[in-house]
Amino acid sequence: ADLGKIVEFKAIYFDLDKYKIRSDAEPELKKIIKIMNEYPNMKIELGAHTDCRETKAYNQLLSNKRAKASVDYIKKGITNPSRITGKGYGKSKLMNSCSCDGDTQSSCSEEEHQKNRRTEFIVLKK
């Protein structure tokens, strides 16, 4: 597989408390569909994440919904949809120091929290 194409996978982002695919994410998802159709043996796992706000249980459920929404979008456009799976990670893998536990609130900006509300694409097989 052309490794240069694989490197081009970029995270997509979600609005606070939402799992709907945003219009700015669609070009990236379409690019993934195109590449997966060019490489019919490629397998990808989507990892969906949340920011730290809300409870661990709530964020796990939300990240699962984000993973499902992303997977469903891609499955509609690829041959052999079983090649893509998704997993929610909740707030367990923050990209920055914007954590908030218990009564401790984060002083991070909305832009900083946005970096954590993402779906990443991991190539399992080329």
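## Helices and strands

The protein chain has 4 helices and 4 strands, taken as DSSP runs (helices are H or I with at least four residues, strands are E with at least two) and numbered from the N terminus. Follow the sequence and you get the pattern α-β-α-β-α-β-α-β. The radius of gyration is 15 Å, close to the 14 Å from the globule rule for 126 residues, so the chain is as compact as a globular protein of that length. That radius is taken over C-alpha atoms, and the rule is 2.2 Å times the number of residues to the power 0.38.

This is a predicted model, where local features need pLDDT of at least 70 and side-chain atom pairs count only at pLDDT 80 or more, while totals for chains, interfaces and linings use all residues. Residues are numbered from 1 along each chain as its sequence is written, and side-chain values use heavy atoms, leaving out hydrogens and water.

## The sheet

The 4 strands make an open, mixed sheet in the order E1-E4-E2-E3; two strands pair if DSSP finds at least two bridges between them. At the edges sit E1 (12–13) and E3 (84–88), each pairing on one side only. Helix H3 (residues 56–75) packs on the sheet and touches E1, E2, E3 and E4, with contact meaning heavy atoms within 4.5 Å.

E2 (residues 43–48) and E4 (residues 118–125) run antiparallel over 6 bridges. Here Lys43 stands opposite Lys125 in E4.

## The chain overall

The C-alpha atoms fill a box of roughly 50 × 25 × 25 Å along the principal axes. Among contacts between residues at least 6 apart in sequence, 74% join residues at least 24 apart.

Note on methods. Axes are lines fitted to C-alpha atoms, for helices over the stretch in contact, and angles run from 0 to 180 degrees between N-to-C directions.
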